[in-house]
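Please read the report below with the structure open beside you, and find each part in the picture as it is named.

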There are 2 protein chains.
Amino acid sequence: MTKEMDCSIRFEPSGRVVKVTRGMTVIRAARLAGLHVNSSCGGTGVCGKCRVQVISGEVLGGKSEKLSSDELADGVRLACTAKLEGDIVVRLLDTVGLRKGQLGTEVPLRHRAAMHSFDISKVKQEGLFIPPVEKFYLELSRPDQSDHQADAGRLIRSLKDQYGERHIHIGLSVLRELRTALREDDFKVTATIARPVNKGSRARMMQVQPGNWSVRNFGLAIDIGTTTVYGQLIDKHSGEIITESGEYNKQISYGEDVISRMVYAENSDGLRKMHELVTESLNNVISNMLARCDVNGDEVTSVTLAGNTTMTHLLLELQPHNIRRSPYVPVSTFFPPLRSNDLGLKFSSHAMALLYPAVSSYVGGDIVAGVMGSGMYRSEKTTLYIDIGTNAEIVIGNKDWLVCAACSAGPAFEGGGIEHGMRAAPGAIDDFSIDPDTLDPMIITIGQKPAIGICGSGLLLLVAGLFENNVIDQSGKFNRALDSWRIRSGRSGYEYVLVQAEETGNDRDIVLTEVDIDNFIRAKGAIYSGVMTLLNEVGLTVNDLEQVILAGAFGSYLDLDSAIIVGLLPDLEPGKILYVGNGSLMGCRMSELSNHIRRDVVEVIHRLTSFELSETLSYQDQYVASLFLPHTDASLFPSVAKRMKRTGAESADTRFE
Amino acid sequence: MTKEMDCSIRFEPSGRVVKVTRGMTVIRAARLAGLHVNSSCGGTGVCGKCRVQVISGEVLGGKSEKLSSDELADGVRLACTAKLEGDIVVRLLDTVGLRKGQLGTEVPLRHRAAMHSFDISKVKQEGLFIPPVEKFYLELSRPDQSDHQADAGRLIRSLKDQYGERHIHIGLSVLRELRTALREDDFKVTATIARPVNKGSRARMMQVQPGNWSVRNFGLAIDIGTTTVYGQLIDKHSGEIITESGEYNKQISYGEDVISRMVYAENSDGLRKMHELVTESLNNVISNMLARCDVNGDEVTSVTLAGNTTMTHLLLELQPHNIRRSPYVPVSTFFPPLRSNDLGLKFSSHAMALLYPAVSSYVGGDIVAGVMGSGMYRSEKTTLYIDIGTNAEIVIGNKDWLVCAACSAGPAFEGGGIEHGMRAAPGAIDDFSIDPDTLDPMIITIGQKPAIGICGSGLLLLVAGLFENNVIDQSGKFNRALDSWRIRSGRSGYEYVLVQAEETGNDRDIVLTEVDIDNFIRAKGAIYSGVMTLLNEVGLTVNDLEQVILAGAFGSYLDLDSAIIVGLLPDLEPGKILYVGNGSLMGCRMSELSNHIRRDVVEVIHRLTSFELSETLSYQDQYVASLFLPHTDASLFPSVAKRMKRTGAESADTRFE
């Protein structure tokens with residue numbers, strides 16, 4: 001999943017060098033280097049402001065009618081449309097860095113969380129590479145006058161003799177095919193065995209095939225998101241991912257959040273409908289993957305799924321009614337092992353389906369999968385695992401203890417409740433910086449499309465950038481003293497104009513209002529105060545956190561500096577902050593490859609102490625204290641105080657300290 | 001199942017008294033007393049020979065135009081149509097006993113095996129009364145702000161707290177109903193729990209009902225016979241049988257024996273057809289029972305079934321092909337626990353179905369059920385358990401060891417291969433004795449119908465009676481020297497005329513031929529030699545047998561003296577011989593009431609050493625030695641030698657000793 005950083009780009013006059021992936025635009029590379037380039041159109045080449053001069057090397061594109069023929073001849077290009085093809089050196093023209101005479105090290109390099117990856121070779125080394133469903137090739141003795149053992153007993157005896165496998169349960173469907181299967185290739189067969197989660201229980205014979213098929217053993221890992229369903233097809237023989245696929249959860253047409261899905265499920269036949277929709281999405285994702293590879297559905301012997309508690313209930317057709325009603329009780333947090341076709345999955349008649357258990361109504365199997373997949377449950381380091389979304393789930397702990405909570409951050413990070421907010425889709429402003437003097441923005445959109453709104457990661461950079469440059473104060477209010485047309489009084493109070501109507505994709509000025517900022521602060525405050533409350537409940541402080549693991553799409557694109565500046569994440573060394581991407585999917589994959597994970601998870605669930613924040617006394621105080629940038633208690637954010645000083649506005653200094 | 005012996009009858013002049021059940025005919029009572037009364041018409045009142053005089057007490061019926069008015073006035077009645085209503089004294093007129101001056105004790109009293117009954121109170125005393133499926137009434141705590149436990153976890157916690165029950169698996173179907181079930185009667189519910197066979201495995205939650213239904217817990221015991229399906233409905237709360245029912249196995253229209261069923265099952269769709277037919281029979285038997293009682297199908301929580309290996313395979317749709325082909329290998333001898341509806345049983349959506357495991361292709365679950373139900377597997381006494389039929393199954397052993405074998409006796413005991421043989425149905429001669437002087441028979445038919453043939457129990461009495469009275473010799477050949485029109489040369493050699501055409505129900509002389517006798521001797525020889533071979537294999541002799549348990553319908557009607565005289569059963573004290581009736585059904589009932597039986601059976605199956613007689617060297621010798629009456633080795637039958645002496649024919653003495 002990690003792309004190779006194969007191009008090097010040096011920016012003059014600062015001399016800053018970053019390594020990026022081939023095909024990235026020069027403007028994004030500049031942002032990675034922490035450099036500001038004015039750009040108001042979002043990277044579509046319309047405003048023509050982001051001019052750079054290519055000094056050595058070649059770029060693809062970047063030419064524009066905004067550039068004169070002399071400029072073109074001198075290697076001047078638009079940074080927003082010029083793409084890297086190899087190592088280059090470029091000079092920024094007309095930038096804040098130039099005007100201010102800043103050089104090199106004074107511009108902070110941006111921090112992204114490092115990838116916390118899953119190491120299959122380590123799992124193998126530790127002897128934990130034992131998939132929950134395995135295939136065994138067997139050569140049985142033929143029955144004769146001195147050996148009348150029944151077919152089933154003969155098979156079980158052979159499994160014991162050849163592999164030491166004992167206590168195998170054979171169900172009716174296998175028994176019905178057994179006589180034929182044994183005799184088709186002269187008593188040479190491949191037996192598919194599903195191991196039990198509980199040691200005392202019996203393993204289960206899933207299938208008996210004539211001949212040797214032991215290397216054809218595949219698994220599926222599936223994350224059932226409220227928005228999107230992601231799948232991976234895994235070779236259980238090698239441990240490798242063969243392919244992956246994702247698509248919208250079809251339930252989305254009945255509401256974007258879990259609450260509206262639950263409300264719909266209470267209609268007559270609504271639960272069945274919700275089940276059918278998600279099943280359809282799962283079947284699509286699975287068949288897309290199978291269509292791409294030389295793998296037959298019947299060769300997939302198991303699937304592990306994880307989702308939040310509501311998604312899991314809807315998939316299993318369990319009544320979710322009390323998940324959304326106080327005191328928020330799900331039907332179950334543990335889900336029985338099933339046949340995949342019991343779930344309506346169509347790829348195989350015999351594959352086993354496993355669902356990650358949940359902790360509570362709002363800390364679901366997706367989070368548990370992340371805790372398992374990230375390995376934090378057996379780490380020495382006290383770790384904060386956090387999945388940021390409309391509902392943010394927080395887990396803190398290590399190999400000895402674990403606590404968790406869910407907090408309702410609201411939809412700000414997904415563009416909800418923000419006047420020009422939107423999901424991370426083409427045209428969404430996802431990157432931003434500000435010229436501290438002119439207050440002109442550097443705007444980059446997803447897909448180099450004209451801007452039509454602001455997505456979560458853009459919002460974070462906006463609020464952080466405005467705050468860091470004293471455009472807004474600690475409570476998120478605009479500095480009325482600033483002299484810029486971009487700060488103006490709008491319908492809902494003061495606002496900052498990001499893009500003027502004529503440069504947008506929807507003919508409306510795109511602005512960020514004080515109401516938007518307030519919503520953002522409430523969202524980040526809910527999350528930070530959740531972390532603080534949990535720490536408080538176990539008698540720790542942020543300084544005791546040795547590691548932070550960010551899960552979810554938002555986590556992987558998160559600008560760490562901005563997240564710390566606004567007080568979304570605790571003020572830790574960026575090196576301590578990792579991201580796992582789709583932690584839920586990673587946990588599912590782990591379960592497909594190591595039966596130990598499935599055993600450990602039962603113990604982990606019992607170890608995980610769940611806090612209901614709304615009923616935890618200190619939460620409200622923590623929340624109120626978090627409704628500032630970055631926090632009312634500045635001592636919690638020493639690096640931010642230092643940074644504010646460096647950016648220099650005296651007023652900011654006095655305000656903040 | 002045991003009828004009360006509530007009438008006493010004394011026969012003069014012998015003075016012999018027997019106790020019988022009300023409604024029995026006087027002629028049957030005479031036979032029980034070991035007395036001969038001439039009667040050639042089978043008990044229909046036509047021949048008028050069986051006259052008795054009622055000296056005290058009253059009988060119902062017995063009047064006939066064959067009797068003069070004086071006779072009627074003197075209390076003379078026909079024994080075959082006179083039924084007992086209370087204690088009486090009757091005088092036999094014109095009988096062999098009278099003519100010979102025999103009195104009392106010289107006439108041997110007939111022996112029937114005593115009933116070996118199932119003692120539920122003993123099971124309760126031993127603490128083994130733990131049905132495999134139990135119902136528990138629970139009052140759960142309601143969820144509140146301080147208790148967010150999921151519905152499923154709450155239920156499990158309550159089962160642990162209130163009953164100490166742990167490790168419960170809850171499947172999807174129960175989870176789907178759980179939220180509603182808990183809330184319908186304010187968190188008061190009845191949980192139905194199926195216990196596992198293996199101690200390490202999990203118990204399974206079958207159902208959750210709102211309210212208290214713990215006393216409404218019923219079970220079914222079902223014997224799947226090749227000919228007949230029998231069922232019992234059991235109250236698992238009290239342990240009592242509520243009702244029972246039986247009907248023909250509908251497969252019978254595709255052949256009477258297991259081989260023809262297996263042959264049919266190999267046709268395309270034949271296996272499914274066989275499955276459907278037996279399922280239909282089972283559903284009929286079950287719905288008949290339920291219709292009779294105030295029990296709803298959904299209140300039946302489990303069913304235990306036993307049948308021979310072929311019947312079990314056909315019920316489960318397992319391919320029986322190799323059961324009938326050397327080396328006779330079934331698909332499986334253990335059968336997984338199922339839902340009753342997996343078998344096509346329709347009474348309930350959730351009941352558990354358990355099938356008794358088999359030992360081999362020809363020692364099936366019905367025999368194993370008998371071994372369990374009779375308790376021989378935990379008896380100190382070395383026991384012979386034997387189920388006599390076309391295929392006779394033999395088990396020998398005690399609590400320490402068990403051996404078994406099946407032998408093909410042929411259909412003689414069911415009337416097959418006998419010229420006038422028939423099943424035990426109305427008109428079948430089922431009781432017989434012979435006047436040693438005149439060789440006239442005493443014939444009794446089932447249902448007091450004119451004779452149309454001879455059933456198995458009649459055949460046994462016939463051969464034994466003829467042999468004991470020297471009408472046939474040790475090799476089953478008629479004594480040509482006897483002067484009686486009843487012994488004549490027929491189409492297939494010599495024969496004995498039982499009933500002349502005019503007194504039959506089918507206008508043909510009913511005879512017993514030397515070929516019939518030869519077939520009978522082969523049948524009884526096969527069984528006896530099976531017993532001897534098994535004993536031989538474990539280094540024992542018949543004298544080591546401390547108990548014999550007869551199973552099956554044939555066993556319950558078996559005349560022990562006759563069985564020993566012909567050498568079908570070993571020459572043991574009649575008091576050591578018991579019958580269990582339908583042993584398979586008894587075993588099923590035991591399993592419904594005691595989960596220990598289900599656990600023990602796994603161990604018993606592994607302890608049971610199965611011998612394939614056709615591959616046991618000594619069997620052929622034993623068989624040849626058994627092809628005499630009672631056996632070539634007279635020392636094995638000391639009581640018979642004594643008896644032959646007493647009956648007095650010198651020729652017999654010299655022949656036999």
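A:Glu592 has a relative accessibility of 0%, and because buried means under 20% relative accessible area, A:Glu592 counts as buried. The model in which this is seen is a predicted one. The side chain of A:Glu592 meets that of A:Lys236 in a salt bridge, with 3.7 Å from N to O. A:Lys236 is buried as well, its relative accessible area being 2%.

**Other salt bridges**

Over all chains, the rule counts 61 salt bridges. Among them is the pair of B:Arg154 and B:Asp147, whose closest N and O atoms are 2.9 Å apart. Both partners are buried, B:Arg154 at 1% relative accessibility and B:Asp147 at 14%.

In another pair, B:Arg325 forms a salt bridge with B:Glu266, and here the closest N and O atoms are 2.6 Å apart. This pair links distant parts of chain B, since B:Arg325 sits in the loop between α9 (309-316) and β17 (338-339) while B:Glu266 sits in the loop between α7 (258-265) and α8 (270-292), 59 residues apart. Are these two residues buried or partly exposed? B:Arg325 is partly exposed, with a relative accessible area of 33%, and B:Glu266 also counts as partly exposed, at 26% relative accessibility.

Salt bridges can also link up into a network, as they do for A:Glu134, A:Glu165 and A:Arg195.

| Residue with N | Residue with O | N to O distance |
|---|---|---|
| A:Lys236 | A:Glu592 | 3.7 Å |
| B:Arg154 | B:Asp147 | 2.9 Å |
| B:Arg325 | B:Glu266 | 2.6 Å |
| B:Arg176 | A:Glu317 | 4.0 Å |

**Where the two chains meet**

How many salt bridges does the rule find across the interface of chain A and chain B? The rule finds one. Across that interface there are also 20 residue pairs in polar contact, with both residues at pLDDT 80 or more. On the side of chain A that touches chain B, the elements that give two or more residues are α5 (151-163), β10 (168-170) and α6 (172-184) of chain A. The largest share, seven residues, comes from α6(A). Sorted by class, this side of chain A has 18 nonpolar, 15 polar and ten charged residues.

Counted by contact, 43 residues of chain A touch 43 residues of chain B. The area buried between the two chains is about 3500 Å², and carbon and sulfur atoms give 54% of it. Three residues, A:His148, A:Arg176 and A:Arg179, supply 17% of the area that chain A buries against chain B, which is more than any other three residues supply.

**A buried strand and its neighbours**

Strand β19 (residues 383-387) of chain A is largely enclosed by the rest of the structure, because five of its five residues are buried. In a regular strand the side chains alternate between the two faces of the sheet. Both faces of β19(A) are covered, with A:Thr383, A:Tyr385 and A:Asp387 buried on one side and A:Leu384 and A:Ile386 buried on the other.

Which strands does β19(A) pair with, and in which sense? Five bridges join β19(A) to strand β20 (residues 391-397) of chain A, and these two run antiparallel. A hairpin of three residues leads from β19(A) to β20(A), and A:Asp387 has A:Glu393 as its bridge partner in β20(A). Five bridges also join β19(A) to strand β28 (residues 547-551) of chain A, but here the strands run parallel, with A:Thr383 standing opposite A:Gln547 in β28(A).

In chain B, seven strands form an open sheet with mixed pairing, in the order β8-β29-β28-β19-β20-β21-β30. Its edge strands, β8 (114-115) and β30 (608-611) of chain B, each pair on one side only. Within chain B, strand β19 (residues 383-387) and strand β20 (residues 391-397) pair in the antiparallel sense over five bridges, and B:Ile386 has B:Ile394 as its bridge partner in β20(B).

Methods:
Residues are numbered from 1 along each chain as its sequence is written. Chains are lettered from A and ligands numbered from 1 in the order in which they are written. This is a predicted model: local features need pLDDT of at least 70, side-chain atom pairs count only at pLDDT 80 or more; totals for chains, interfaces and linings use all residues. Side-chain values use heavy atoms; hydrogens and water are left out. Buried means under 20% relative accessible area, exposed over 50%, partly exposed in between (1.4 Å probe, protein chains only). Helices (H or I, at least four residues) and strands (E, at least two) are DSSP runs, numbered from the N terminus. Two strands pair if DSSP finds at least two bridges between them. Contact means heavy atoms within 4.5 Å. Buried area is the accessible area (1.4 Å probe) that two parts lose on being put together, summed over both. A polar contact is a pair of N or O atoms within 3.5 Å; within protein, one must be able to donate a hydrogen and the other to accept it, and residues adjacent in sequence count only if both atoms are side-chain atoms. Ala, Val, Leu, Ile, Met, Phe, Trp, Tyr, Cys and Pro count as nonpolar, Asp, Glu, Lys and Arg as charged, and the others, Gly among them, as polar.
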